[in-house]
Amino acid sequence: MSWEENVRKVVPYTPGEQPKIKNIIKLNTNENPYPPAPAVEMRLKEMDVSDFRKYPDPTCSVLVDAIADYYNVDKKKVFVGVGSDDVLAMAFLTFFNSDKPILFPDITYSFYDVWAELFRIPYKQIPLKDDFSINVDEYCNLANTDAIDGLSVAEDSILKCGGIVIANPNAPTGLELGLNAIEKIIASNPDVVVIVDEAYIDFGGTSALPLIDKYDNLLVVQTFSKSRSMAGMRIGYAFGSEKLIKYLSDAKFSFNSYTMNMPTLELGALAVADKTYFDETRNKIIATRERTKASLKELGFEFADSKTNFIFAKHPGKSGKEIFDELRQRDIIVRRWDAERIKEYLRISIGTDYEMDKLIAALKNIIEK
Ligand SMILES: *Cc1c(COP(=O)(O)O)cnc(C)c1O
């Protein structure tokens with residue numbers, strides 16, 4: 001018997017590469033190409049480091065208040081964490097505590113199955129349809145099915161559901177599921193928590209946030225990492241019923257009271273308050289995305305209609321791996337996976353117009369040679 005037998009083993013999530021070399025065009029992790037709101041830099045420069053002697057506010061109230069104000073939500077319905085990864089991990093730990101499987105798509109954010117493995121939560125991956133859309137019916141009316149005659153307990157529990165996670169818009173496909181379909185999934189599963197991961201919602205999608213007052217089992221998760229240009233600060237947040245947020249908060253305070261550091265709380269509060277800058281930068285990204293779609297189409301690329309700050313595309317004439325490698329040689333990094341259904345695709349983050357022009361020129365060169 002070795003101590004290794006009792007280790008909580010898990011195959012970790014692989015984050016996109018963060019290369020050390022400069023002058024690279026980095027379109028692989030969906031970061032925002034624009035800097036954070038101007039107030040962030042101003043405040044950072046005048047911070048008094050002697051304040052760092054003290055612990056930060058464990059309730060994160062400046063940031064919670066700023067988010068509650070901006071979204072016009074009661075602050076008791078807001079939770080914050082160290083990036084939405086932290087919020088999502090805490091939500092998995094808190095809400096998915098049954099022996100029934102949680103459900104999420106086969107192609108989605110690849111952290112979900114890692115958390116399920118880490119926390120020993122049973123899960124079932126529901127295949128996306130051929131067009132990469134979410135098969136809504138497969139998520140509905142499962143939790144309520146009574147035991148079906150002739151099925152063993154194990155078989156029966158497979159038909160049931162211990163929770164649902166939907167990234168909307170989905171990653172890495174970029175496709176949005178309409179709010180009616182999202183509501184159908186939530187309404188069909190009142191006995192379990194439904195998490196809607198809205199990491200990309202600010203690039204043209206419709207948020208499920210208004211539904212938190214109607215369904216107390218809905219948790220809507222968002223992040224400062226993409227639309228608010230602050231991936232490096234690590235800020236994520238969630239909205240839910242007061243009851244749901246209380247449970248999440250109890251789990252957080254049982255794990256680590258001081259998740260968010262002092263500068264992050266203040267700078268995040270300033271960032272969320274600047275609506276003008278937020279709208280300006282996300283609109284620029286949306287415009288660049290639409291331009292890029294047109295150029296990719298001209299080059300013969302095929303892609304689903306993205307509502308995010310990335311495009312998930314493949315080319316009928318050249319393999320995903322080949323294009324990826326050739327871009328890499330030209331100092332352009334995008335993201336790709338080896339998984340069977342998506343191995344020909346590249347996920348290309350939307351950068352500045354300049355960066356996308358460079359990308360398109362490189363792709364033209366690669367495709368036409
Ligand atoms: C980027 C991303 C996250 C995590 O973002 P954080 O930087 O941890 O806030 C969560 N979900 C999806 C779908 C993402 O793409």
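**Reading a two-domain interface**

Modeller: Let's start where the two domains meet: the rule finds two salt bridges across the interface of domain 1 and domain 2. Before you ask, this is a predicted model, where local features need pLDDT of at least 70, side-chain atom pairs count only at pLDDT 80 or more, and totals for chains, interfaces and linings use all residues. Residues are numbered from 1 along each chain as its sequence is written, and side-chain values use heavy atoms, with hydrogens and water left out.

Colleague: Fine. Which residues make up domain 1 and domain 2?

Modeller: Domain 1 is 3–36 + 276–367, and domain 2 is 38–274; the bounds come from an automatic or database domain assignment. Their C-alpha centres lie 24 Å apart.

Colleague: And how do I read the area that domain 1 and domain 2 bury between them?

Modeller: The size of an interface is often given as the accessible area lost when the parts come together. Here the two domains bury about 3000 Å², with 61% of it on carbon and sulfur atoms (accessible area with a 1.4 Å probe, summed over both parts). Y13, F278 and R341 supply 26% of what domain 1 buries against domain 2, more than any other three residues. Counting contacts (heavy atoms within 4.5 Å), 33 residues of domain 1 touch 38 residues of domain 2.

Colleague: Back to salt bridges, then. How far apart are the closest N and O atoms of E176 and K307?

Modeller: Side chains of opposite charge can pair when their charged atoms come close. The rule wants a side-chain nitrogen of Lys or Arg within 4 Å of a carboxyl oxygen of Asp or Glu. E176 and K307 form a salt bridge at 3.5 Å. The structure holds 26 salt bridges, including E41 with K45 at 3.0 Å, N to O. E41 and K45 both sit in helix 1 (residues 38–45), four residues apart, about one turn of the helix. Helices here are DSSP runs (H or I, at least four residues).

Colleague: What lies around the ligand?

Modeller: G83, S84, D85, L88, Y109, D197, A199, Y200, T223, S225, K226 and R234, each with a heavy atom within 4 Å of it. Among them, S84 has a polar backbone atom 2.6 Å from a ligand oxygen. R234 puts a polar side-chain atom 2.7 Å from an oxygen of the ligand. As for D197, an N or O atom in its side chain is 2.6 Å from a ligand nitrogen.

Technical notes: A polar contact is a pair of N or O atoms within 3.5 Å; within protein, one must be able to donate a hydrogen and the other to accept it, and residues adjacent in sequence count only if both atoms are side-chain atoms. Helices (H or I, at least four residues) and strands (E, at least two) are DSSP runs, numbered from the N terminus.
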